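I opened a new notebook page for this structure. The entries are in the order of my look-ups.

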Amino acid sequence: MLWARTPYGRAMETAVEQPLEFDHRHHTRDEGIDCRYCHNTVDKAPFASIPPTQLCLNCHSQIWNKSPLLEPVRKSFIDNKPLVWNRVYKVPEFVYFNHSIHVSKGVGCVTCHGRVDQMAAVEKQTPLTMGWCLECHRHPEKNLRPLSEVTNMTWHAEGDADETGHVLAEKNDVHTRTSCTTCHR
Amino acid sequence: MSSHDQDPLQDHPEDHARSTVAGNGASTGSTRRISLPIVDEALAATEAASGAVREERKYWRSIAEKEGSPKLAAAAMREFPPGAAQLPDVSRRSFMKLFGGGAAAAGLAACHPSDEQAIPFVRRPEEVTPGNALHFATAYGIEGYALGLLVESHEGRPTKIEGNPDHHDSLGATSRYEQALLQGLYDNDRAKQLKHKDEPLSWRTFLGQMATLSARHAADVAPSCAS
């Protein structure tokens with residue numbers, strides 16, 4: 001049972017194979033595209049949204065529009081058949097989770113999803129166990145950042161991190177949330 | 001009329017029921033029906049005319065029972081499935097082994113990466129945000145009176161019906177009929193396609209017919225509107 005407590009036992013740090021060789025490193029680091037260009041419902045909906053095929057083609061109808069790597073994308077658009085991705089992060093059905101509240105209170109993408117800008121294939125970086133959720137729900141100020149830095153992968157508090165956290169918690173109206181019904185509704 | 005009706009003293013469940021209804025509050029307290037020749041003759045005449053044989057009413061508890069499914073009849077022969085009353089042939093010790101092993105395996109199952117898939121839209125409709133519900137204003141009519149409703153819809157599937165607060169009759173409230181409309185929507189027996197007089201009808205044809213109809217009605221009311 002000890003094995004279940006290791007990262008591997010929690011399906012962490014295992015790159016998930018996808019139907020398409022999509023590389024986050026290239027899109028975020030080389031091109032400097034913000035997370036929210038594709039995951040654009042993250043601040044207004046429970047889901048961050050996997051981008052619709054149409055969104056890929058916003059750019060790829062112009063650049064790399066002959067690339068064989070993008071053949072499945074073009075095919076999806078022409079056939080009107082969705083791309084089927086394999087899910088990496090999933091909270092159980094009995095947990096209510098909403099991306100928008102976390103993002104608009106100043107929890108950065110990197111806090112839960114890790115350095116996606118360094119991943120060739122996305123892998124789970126955090127255990128998503130209840131204990132892990134509660135760690136932050138008890139002391140949210142440790143993981144807060146200014147709203148402008150939410151998608152920044154390398155942001156660190158300048159000076160006293162504790163002080164910054166408390167100031168941000170005060171500013172963005174962030175409180176501990178440990179009632180059962182916060183997540184188990 | 002069958003023979004037993006000729007005997008006024010014969011107790012029969014059917015007669016019993018009839019007398020309780022017909023002989024409402026009979027002071028004698030008797031549950032036996034007194035044979036009245038004039039009534040019997042009238043009944044016999046009606047039945048002979050219709051050619052119908054009076055059957056005892058049958059109630060059924062499932063579609064399978066109504067259709068007389070042989071599978072159901074076979075299953076109904078035994079109250080419990082075969083082997084339900086027998087102890088499994090394992091010792092207490094090996095039961096614990098199996099049980100423990102099963103529990104451990106169930107625990108390990110959670111440790112694999114999720115094999116679920118994430119399927120986005122090809123073209124996301126402008127008003128749709130996956131995960132956020134849309135509310136559509138509509139109306140439902142009972143006996144000629146329409147009630148304004150709001151229908152909550154998740155990714156194109158209606159999930160809840162409430163009253164429209166802006167509708168003067170509803171003011172945000174509904175009755176049980178409106179609340180139950182979703183049951184009708186997801187009913188397996190609901191029509192799966194458009195039909196007109198038992199003939200399948202395409203949506204395009206239907207729209208065409210409706211357009212013709214609405215044009216005709218528009219022409220009808222035009223003078224009164226103009227005045």
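**Conventions.** I am working from a predicted model, in which local features need pLDDT of at least 70, side-chain atom pairs count only at pLDDT 80 or more, and totals for chains, interfaces and linings use all residues. Residues are numbered from 1 along each chain as its sequence is written, chains are lettered from A and ligands numbered from 1 in the order in which they are written, and side-chain values use heavy atoms, with hydrogens and water left out.

**Chain B, overall.** I listed eight helices and six strands, taken as DSSP runs numbered from the N terminus (helices H or I, at least four residues; strands E, at least two). From the N terminus, their order is α-α-α-α-α-β-β-β-β-α-α-β-β-α. Of the 227 residues, 12% count as buried; buried means under 20% relative accessible area, exposed over 50%, partly exposed in between (1.4 Å probe, protein chains only). I then looked at contacts (heavy atoms within 4.5 Å). Of those in chain B with a separation of 6 or more, 21% join residues 24 or more positions apart.

**Chain B, surface.** I found a nonpolar patch of about 470 Å² made by B:Ile34, B:Leu36, B:Ile38, B:Val39 and B:Leu43. Patch residues have over 30% relative accessible area and no salt bridge, with nonpolar side chains joined within 5 Å and like charges within 9 Å; a salt bridge puts a Lys or Arg side-chain nitrogen within 4 Å of an Asp or Glu carboxyl oxygen. B:Leu43 sits in helix H2 (residues 37-50) and is partly exposed at 32%.

**Positive phi.** Most residues other than glycine have a negative phi. I noted B:Glu155, with phi near 45°, in the loop between strands S3 (145-154) and S4 (157-163). B:Lys197, with phi near 50°, lies in the loop between strands S5 (195-196) and S6 (199-200). B:Glu155 is partly exposed at 44%, whereas B:Lys197 is exposed at 72%.

**Chain A, core.** The largest nonpolar core has eight residues, among them A:Cys35, A:Cys109 and A:Val110; a core is a set of buried Ala, Val, Leu, Ile, Met, Phe, Trp, Tyr and Cys residues joined through side-chain atoms within 4.5 Å.

**Cysteines.** I counted zero disulfides over all chains, a disulfide being two cysteine sulfur atoms within 2.5 Å. For A:Cys56, the nearest cysteine sulfur is that of A:Cys38, 6.9 Å away.

Technical notes
Areas by Shrake-Rupley, 256 points an atom, 1.4 Å probe, with all protein chains shown as cover.
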